[in-house]
Amino acid sequence: MPVAKFCAGALLMCAVALPALAQQAPRRDDFYWLGEINKASAVINSEEGLLDPAVAPRIAAGLDQVLRAGDQPGGKRPNLVITFEPLLIDAAGVEATLLHAGRSSQDMLSTVRAAMIRDDLLRLAEQLRKTTATMTRLAERHAGTVVPNYTNGVAAQPNSYGHYLLGHVAGLERDAQRLREAFARVDRSPMGTTVLNGTSWPLNRDRMARYLGFPATVDNAYDAAQITAAEMPVEVGALATSIAIHAGAFVEDVMTQYAQSRPWILLQEGGGNTYVSSAMPQKRNPGLLNDTRAEASRVVTSGIGRAIQAHNIPPGMSDPKSPRDNAAVVAGAIRVLENWDRILNAMVISPERALEELNSDWTASQEVADVLMRKYRLPFRVGHHFASEIVDYAKEHDIRPTDFPYAEARRIYAETLREMKVEGGELPMSEEEFRATLDPVAIIRNRATAGGPQPAEMTRMVAEANRTLGQQEEWIKAQRGRIDGALASLDGDFGRLLARAK
């Protein structure tokens with residue numbers, strides 16, 4: 001049966017028989033997942049002979065009462081097994097503790113935490129996809145916008161701004177890969193392992209996993225609560241840190257423009273993007289950039305903190321397992337990506353000003369050495385030295401690339417050959433070719449490297465980025481559909497058990 005049809009049928013059944021269980025997108029917090037575990041335990045253990053079928057409906061009714069009360073405004077939503085169970089006893093009597101056969105706080109809370117991290121990762125995946133999609137659209141729009149790129153903080157070469165953005169898209173796609181890999185390791189059920197080495201009760205771990213939306217179990221009972229439970233927050237912290245580092249690098253690159261008197265990239269004013277200085281009326285401070293960088297730094301701090309808390313403790317300690325701390329890391333990464341998306345939508349890029357900056361500097365000088373080697377077989381180091389001498393002369397005499405005298409280029413070329421003891425005649429490049437070689441736009445157009453900024457490669461890479469984004473979207477939908485379908489199935493089966501109490 002298709003997942004969508006199955007879920008719809010199960011949810012309809014729940015709506016009729018069990019109106020409070022799964023209708024209003026309940027908060028999937030600790031309390032919610034403890035409730036789901038108890039519901040699954042009631043259904044499975046009663047059907048498999050571990051719980052008296054005559055008692056199970058009364059226990060189910062008490063559990064339903066606890067869950068309904070917790071969903072009310074101000075209702076009690078305990079997040080620990082030892083504080084959840086007294087509510088269940090009050091509602092159904094002490095025989096409700098028969099549900100606890102073969103269970104422990106260790107495997108229950110490990111399952112709760114895995115389920116919560118799993119939900120958090122799907123929310124992170126969705127925002128990561130959204131921000132990457134925005135960047136991809138911007139890259140396609142600016143495929144032909146030629147701008148300076150920088151290395152070591154210095155203008156280095158001309159590039160397509162779209163190509164630059166696709167470089168960041170590639171980094172975010174690796175973050176998406178890391179997320180899917182981490183998700184697969186989180187998406188395993190520890191339930192039924194009890195403490196350390198299992199239990200003498202023949203619990204059906206596979207069925208429990210399916211009800212809770214896990215495709216597999218944590219195989220080793222010791223690993224379930226002692227090793228993987230402390231390891232996964234560290235991996236998620238590393239993922240969040242990677243995203244924050246990518247965002248911080250992008251923000252700082254944009255911030256470089258704000259130090260210039262005539263930037264070629266700015267944020268649209270207002271709307272929370274910028275604010276006016278309280279003292280200097282000419283200043284428009286990039287508040288959104290500052291806030292995003294600060295949030296990224298907090299994520300890096302808390303993400304690395306996951307590893308610090310897990311460091312040098314024996315297995316089983318609770319130090320790195322706090323659901324609140326682990327959720328905060330992912331929530332911070334989501335805020336970083338949301339702000340990054342806002343930045344991308346607020347950027348004002350001036351292709352004319354970017355080209356002016358390129359033509360006022362010598363970022364195209366390497367192309368001279370490349371053309372002399374590729375077309376005229378001049379050793380690269382000779383051509384590089386020639387181009388470097390041109391730049392030195394130009395800077396000494398305050399000459400822009402577009403104005404450099406061709407006669408001086410010929411003179412410097414001859415001197416370079418003599419200095420480096422290389423045979424040759426006149427500069428083989430005509431004046432027209434010399435000037436075309438220094439044209440930033442022509443450089444981008446003439447690139448031949450696979451993965452370069454030339455139009456054909458830009459078209460290919462944008463299409464590939466969009467294809468990958470489509471795959472990400474389908475993956476997110478599939479995981480959510482699987483989990484929601486499993487929980488709907490549990491609600492349906494629990495509803496039938498509950499109906500027997502009436």
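Modeller: Between the end C-alpha atoms of residues 366–444 the distance is 13 Å, and this span is 68% helix and 0% strand. Helices (H or I, at least four residues) and strands (E, at least two) are DSSP runs, numbered from the N terminus. An unreviewed UniProt entry lists the span as "domain: Argininosuccinate lyase C-terminal"; such annotations may be inferred rather than shown by experiment. This is a predicted model, in which local features need pLDDT of at least 70 and side-chain atom pairs count only at pLDDT 80 or more, while totals for chains, interfaces and linings use all residues. Residues are numbered from 1 along each chain as its sequence is written, and side-chain values use heavy atoms, with hydrogens and water left out.

Biologist: How do the axes of helix 5 and helix 10 cross?

Modeller: Axes are lines fitted to C-alpha atoms, for helices over the stretch in contact (heavy atoms within 4.5 Å). Angles run from 0 to 180 degrees between N-to-C directions. Here the two axes come within 9 Å and cross at roughly 10°. Helix 5 and helix 10 are therefore roughly parallel (angles under 35 degrees). Among the contact residues are Leu124 of helix 5 and Trp340 of helix 10.

Biologist: Which residues touch the most other members of the largest nonpolar core?

Modeller: In soluble globular proteins, nonpolar side chains tend to be buried together. A nonpolar core is a set of buried (under 20% relative accessible area, 1.4 Å probe, protein chains only) Ala, Val, Leu, Ile, Met, Phe, Trp, Tyr and Cys residues joined through side-chain atoms within 4.5 Å. In this core of 97 residues, they are Leu121, Leu124, Tyr161, Phe250 and Met347. Helix 5 (residues 105–141) supplies the largest share, 15 residues.

Key. Buried < 20%, exposed > 50% of the residue type's maximum accessible area, 1.4 Å probe, protein only. Parallel < 35°, antiparallel > 145°, perpendicular 65-115°, else oblique.
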